[in-house]
Amino acid sequence: MSRTRVRAIFVKELRDFRRNRFVMVTMALMPALFIVLPIVDIFVLPVSTASAALDKRIGLALLYMLIIPAVVPATLAAYSVVGEREQGTLEPVLTTPVLPAEFLLGKALAALLPTLVISYAVFGIFLACVGLFAHPAIADAVFQAPHLLIQLLFTPLLAGWSIWVGIAISARSSDVRVAQQLGTLASLPPLAVTALLSFGVIQQSIVLGVGLGAALLLVDVLGWRIVSALFDRERLVTGTK
């Protein structure tokens with residue numbers, strides 16, 4: 001595998017994102033929405049809220065921010081192949097010596113990097129607001145280790161799942177909008193498991209969080225291998241079904 005070719009695909013993809021107005025609007029508006037909602041949820045909490053109710057509201061606030069790495073990269077990944085195909089820029093790339101694994105990895109990294117920057121920035125702003133302005137009892141509940149672990153660990157893992165599913169759908173679709181809708185729906189199953197952790201339906205613990213994270217990491221790596229193996233360069237170049 002050539003790092004040079006992966007980097008070339010990565011840089012090209014970032015440039016394409018910057019030229020796409022829909023992608024830029026999605027990357028700007030969705031994080032703005034999901035920083036406002038959790039902050040409002042936390043700051044309307046009465047200090048006397050019972051422990052169980054407090055945990056649920058905090059779980060909901062943190063879940064809002066996990067929607068960003070689940071949905072934003074799904075939109076980017078769903079555009080990555082079929083979008084280029086519609087613009088007529090895919091064929092020149094696929095006729096070069098770039099390998100399918102290199103091509104897909106470059107596109108995946110281009111979707112992953114902005115997602116991580118946005119997700120961790122939003123989480124950092126949320127923690128800063130809670131630490132500075134929330135009641136100490138609420139701040140103590142937010143800053144518990146399991147909550148922080150879920151956010152830090154599952155953000156890139158959820159993004160990885162969404163990216164590989166989105167790219168797989170994009171490579172098989174003929175319409176960008178259909179690919180983005182299917183990619184968004186397919187990004188939700190692992191988010192549901194994370195929601196159970198956030199709301200305490202599954203008992204939170206560092207060991208359980210790391211175990212689920214390792215399982216999701218394995219799924220992400222297998223996703224890259226499977227999508228690379230199923231990638232049909234000839235079909236994409238010739239347009240045959």
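In which helix is glutamine 151 found? Glutamine 151 is found in helix α8, where helices are DSSP runs (H or I) of at least four residues, numbered from the N terminus. The model is predicted, so local features need pLDDT of at least 70 and side-chain atom pairs count only at pLDDT 80 or more, while totals for chains, interfaces and linings use all residues. Residues are numbered from 1 along each chain as its sequence is written, and side-chain values use heavy atoms, with hydrogens and water left out.

Helix α8 spans residues 145-172 and also holds histidine 147. Both residues were examined for burial. Glutamine 151 counts as buried, at 2% relative accessibility. Buried means under 20% relative accessible area, exposed over 50%, and partly exposed in between (1.4 Å probe, protein chains only). Histidine 147 is buried as well, with a relative accessible area of 4%. The C-alpha atom of histidine 147 is separated by 8.1 Å from that of glycine 59, 88 residues apart along the chain. Contact means heavy atoms within 4.5 Å. Leaving aside neighbours within four places in sequence, glutamine 151 is in contact with Leu62, Met65, Leu66, Tyr120 and Phe123.

With the same exclusion of neighbours within four places, phenylalanine 126 is in contact with Ile35, Pro38, Ile39, Ile42, Ala61, Leu62, Met65 and Val142. A nonpolar core is a set of buried Ala, Val, Leu, Ile, Met, Phe, Trp, Tyr and Cys residues joined through side-chain atoms within 4.5 Å. The largest such core has 69 residues. Those with the most contacts inside it are Ile42, Phe103, Phe126, Val142 and Ile167. Helix α3 (residues 51-80) gives the largest share of this core, 17 residues.

Helix packing was examined for two pairs. Axes are lines fitted to C-alpha atoms, for helices over the stretch in contact, and angles run from 0 to 180 degrees between N-to-C directions. The axes of α8 and α9 (residues 176-186) come within 9 Å and cross at roughly 145 degrees. Trp161, Val165, Ile169 and Ser170 of α8 meet Ala179, Leu182, Gly183 and Ala186 of α9.

The axes of α1 (residues 3-19) and α6 (residues 100-133) come within 8 Å and cross at roughly 50 degrees. That makes α1 oblique to α6; angles under 35 degrees count as roughly parallel, over 145 as roughly antiparallel, 65 to 115 as roughly perpendicular and the rest as oblique.

Terms used:
Helix = DSSP H or I, 4+ residues; strand = E, 2+ residues; numbered from the N terminus.
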